[in-house]
Amino acid sequence: MSNVPLLTLSTNNASIPQIAFGTGTAWYRGNNESDINQTLVDSIKAALQMGYRHLDAAEVYGTEKDVGEAIKQYLTESKEQRSSLFVTTKVFVGLGNVQKAADDSLKRLQLDYVDLYLVHAPFSLKEKFGVTLKEVWQHMEQLLQSGKVKNIGVSNFRLQDVEELLSFAKVKPCVNQIEFHPYVNAQSKELLEYCKKNKILIASYAPLASIIYHKDGPVDPIIEELAKKYGKSHVHILLKWNMSKGNVVITTSSKPDRLKSYLTVGDEDFKLTDDDIRKIDEAGAKLYFRKYWTEEMGGKTSH
Ligand SMILES: NC(=O)C1=CN([C@@H]2O[C@H](COP(=O)(O)OP(=O)(O)OC[C@H]3O[C@@H](n4cnc5c(N)ncnc54)[C@H](O)[C@@H]3O)[C@@H](O)[C@H]2O)C=CC1
Ligand SMILES: O=CCc1c[nH]c2ccccc12
């Protein structure tokens with residue numbers, strides 16, 4: 001079994017595994033009506049068998065059915081308890097009726113509860129879904145009360161969105177899942193400080209952006225140098241940099257060997273020094289690149 005570090009959530013001191021298997025982007029289908037994607041089911045089962053315990057899903061990915069099927073098969077075959085897994089999902093198109101969206105997600109996941117339920121994005125809630133953030137959050141708090149979700153949080157919230165939410169939240173979000181890699185690090189500084197102050201854990205998606213979505217950028221030489229210095233892959237260095245800042249990382253691959261190797265990133269025998277981290281920070285600050293939720297995608301995360 002792997003030694004993925006566990007972090008603690010502020011709401012009820014629950015443990016959250018620091019490395020998660022993502023079922024968006026590369027697996028995205030966008031259609032909840034379609035049949036099971038057997039390749040994804042097999043990949044999730046393989047991930048669980050090798051030690052992943054944290055799965056990241058969302059209503060809009062169209063992958064909740066596959067996540068549910070993989071979990072059901074894995075728990076039956078391994079005889080493990082549901083409580084050994086940490087399942088995150090998110091609501092977006094269902095924000096106009098959060099209670100129904102959560103019930104629909106639970107049905108697709110074949111689960112009685114999810115460990116973490118996130119508001120997928122704060123953008124244009126009134127225009128798109130006819131609701132305010134305050135109304136949405138009240139429903140999230142009710143879901144928490146009902147036990148259908150064990151923890152509540154947000155995703156893609158900018159500093160001003162978190163500030164607005166904290167002005168009326170009875171229960172603070174325990175997680176903000178955001179795009180986080182060296183090319184957004186400098187721009188996210190204030191947000192990260194504010195979240196830390198308010199005990200909101202950062203979960204990083206697109207942690208590999210500098211080698212997947214924007215190659216040949218200014219961090220490549222230092223990532224290469226550190227990969228050689230520690231005898232690790234570029235992916236290991238990028239994930240370790242992110243985890244060293246205290247963040248959860250969400251990544252994915254359909255290649256079992258790669259997935260297995262990423263589980264070792266948290267091992268204590270491999271550490272980046274403060275100087276290594278500073279060098280990656282400085283190189284990353286030379287470029288601003290964001291993959292998701294740009295203005296063209298209907299988002300507003302550009303700085
Ligand atoms: N809350 C939100 O709005 C968002 C959440 N997410 C979540 O985060 C997860 C991860 O996001 P990604 O952008 O996919 O993250 P990522 O930066 O980890 O990239 C993953 C991609 O890298 C590829 N890859 C992995 N290892 C590789 C290697 N050694 N060499 C070459 N390619 C490699 C994989 O095949 C996959 O396509 C998603 O599956 C989803 O669950 C993603 C985007 C937005
Ligand atoms: O969660 C990540 C990005 C994403 C991919 N497809 C959609 C659809 C609607 C909202 C977000 C996303």
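Two strands count as paired if DSSP finds at least two bridges between them. Here, Phe21 has Thr251 of strand 10 as its bridge partner.

Quick housekeeping. This is a predicted model, where local features need pLDDT of at least 70 and side-chain atom pairs count only at pLDDT 80 or more, while totals for chains, interfaces and linings use all residues. Residues are numbered from 1 along each chain as its sequence is written, and chains are lettered from A and ligands numbered from 1 in the order in which they are written.

So what is the order of the strands in the barrel? Eight strands close up as 3-4-5-6-7-8-9-10, with parallel pairing. From one strand to the next, the twist averages 25°; for that, axes are lines fitted to C-alpha atoms, for helices over the stretch in contact, and angles run from 0 to 180 degrees between N-to-C directions.

Now look at strand 5. On one side, strand 4 (residues 54-56) pairs with strand 5 in the parallel sense over three bridges, and His54 stands opposite Phe86. Strand 6 (residues 116-119) is also parallel to strand 5, over four bridges, and there Leu116 is the bridge partner of Thr88.

Strand 4, helix 2 (residues 64-78) and strand 5 form a right-handed β-α-β unit. Right-handed here means that, with the strands pointing away from the viewer, the path from the first strand over the helix to the second runs clockwise. Strand 5, helix 3 (residues 98-109) and strand 6 make a right-handed β-α-β unit too.

Is strand 5 buried or exposed? Six of the six residues in strand 5 (residues 86-91) are buried, so the strand is largely enclosed by the rest of the structure. Buried means 20 or more other C-beta atoms within 10 Å of a residue's own, exposed means 12 or fewer, and partly exposed is in between, with C-beta atoms placed from the backbone. In a regular strand, side chains alternate between the two faces of the sheet. In strand 5 both faces are covered: Phe86, Thr88 and Lys90 are buried on one side, and Val87, Thr89 and Val91 on the other.

Phe92 counts as partly exposed, because it has 19 C-beta neighbours inside 10 Å. Phe92 is also one of the residues around ligand 2, along with Gly24, Tyr28, Ala58, Val60, His120 and Tyr292; being around it means a C-beta atom, placed from the backbone, within 6 Å.

Last thing: phi. Most residues other than glycine have a negative phi. Lys79, in the loop between helix 2 and strand 5, has a positive phi near 65°. Lys79 is exposed, because it has 6 other C-beta atoms within 10 Å. Trp293, in the segment after helix 13 (274-284), has a positive phi of about 55°. Trp293 is buried, because 20 other C-beta atoms lie within 10 Å. Okay, that's me done!

How values were computed. Helix = DSSP H or I, 4+ residues; strand = E, 2+ residues; numbered from the N terminus.
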